[in-house]
Amino acid sequence: MTFDGLLFFPVTPCDEEERLDLEVFRRHVRQGVEAGCGAVFACCGTGEFPSLGLRDYAACVAAAVEEAAGRVPVVAGTGYGTAMALEFARAAQDGGASALLALPPYLVQAGQDGLRRHYEAIADGTRLPVILYQRDNAVFEPETVAALAEHPGVIGLKDGHGDLGLMRRIIEAAPPGMLYFNGLPTAELSQRGYRDLGVVRYSSAVFCFLPGLALACYRALRDGRDDVANRLIEGFYRPLVDLRGQGPGYAVSLIKAGVRLRGLDVGPVRRPLSDPSPEHLDRLAALIDRGLALLEELERSPDPA
């Protein structure tokens, strides 16, 4: 698994009572695969993993695998403490997932030795390859990543911490062959810095509701056409980040709202998150219109993205 292409983190639909809508989830995943994603990361941060029970999680992973139908890998999130992380990992394995994204352990601030033993236990307890997710209370020293990379089940690291100096040291310390991902929210704004480190893979929450725009930006960044990327970043992504800063949890709730505004009723965000205010929904709708207009301009240009 090389995870070539833009990485798709689908939302997890539900009704007003927070009951899973599996058919809408299937449609959402199918649309993303058909739009051209490089992999599906099901039930991760954008997919509200912390709010899902094991039964709904298992159903979503299995459905994502069926909808992907071998066209792209399906990676499932796992997390909490070691015992629970292994329960979710086994459900993902049973559902046919290709790999795991191991989210930070729940609540605790652990030392490097504890983090290493936690992720080694996850890798020992499943046949699925494991991608480490660096953020919040799981920030690794380069030596820890190097030690974990020696485990045959650990294949990569997704960085949601954003310290490029630390990332450089991690890449230099770890053995060759590790896969690295930019996992910062709205990664398009930071991707040039990661690209300079050789980190070419990133996840795009915008792909959930504007896949054409997200792919245009991805291709521009990949191909070094920074003039095109700058037009999209200044015209759409930077205002989106400004809007994201207007409310707690908007990194998830704005994305789910964006999917709804584009015509797929994925329902509200689950507790404890809250949906965007009416004013912010209006701003998001205007931003979506601006993004579509930018994409149309690019497609009409002599060198379309």
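Reply:

Leaving aside residues up to four places away in sequence, Leu100 touches Val75, Ala76, Thr78, Ala89, Ala92, Ile122, Thr126, Leu128, Pro129, Val130 and Ile131, where contact means heavy atoms within 4.5 Å. The model is a predicted one, in which local features need pLDDT of at least 70 and side-chain atom pairs count only at pLDDT 80 or more, while totals for chains, interfaces and linings use all residues. Residues are numbered from 1 along each chain as its sequence is written, and side-chain values use heavy atoms, with hydrogens and water left out.

Leu100 lies in strand 4 (residues 99-102); helices (H or I, at least four residues) and strands (E, at least two) are DSSP runs numbered from the N terminus. With a relative accessible area of 0%, Leu100 is buried, a class that means under 20%, against over 50% for exposed and partly exposed in between (1.4 Å probe, protein chains only). One of its contacts, Val130, is 30 residues away along the chain, yet the two C-alpha atoms are separated by 4.8 Å.

Arg201, in strand 8 (residues 201-202), is also buried but has no salt bridge, the nearest side chain of opposite charge being Asp4 at 4.9 Å. Here Lys and Arg count as positive and Asp and Glu as negative, with His and the chain ends not counted, and a salt bridge requires a side-chain nitrogen of Lys or Arg within 4 Å of a carboxyl oxygen of Asp or Glu. The side chain of Arg201 does reach the backbone oxygen of Thr2, at 2.8 Å.

By the salt-bridge rule, the count comes to 20. Glu23 and Arg26 form one of these at 3.9 Å, N to O, and they are separated by about one helical turn because they sit three residues apart in helix 1 (residues 22-35).

A search of the whole structure finds zero disulfides, defined as pairs of cysteine sulfur atoms within 2.5 Å. The sulfur of Cys44 is 7.2 Å from its closest cysteine sulfur, in Cys43, and is therefore too far for a bond.

Definitions and conventions: A polar contact is a pair of N or O atoms within 3.5 Å; within protein, one must be able to donate a hydrogen and the other to accept it, and residues adjacent in sequence count only if both atoms are side-chain atoms.
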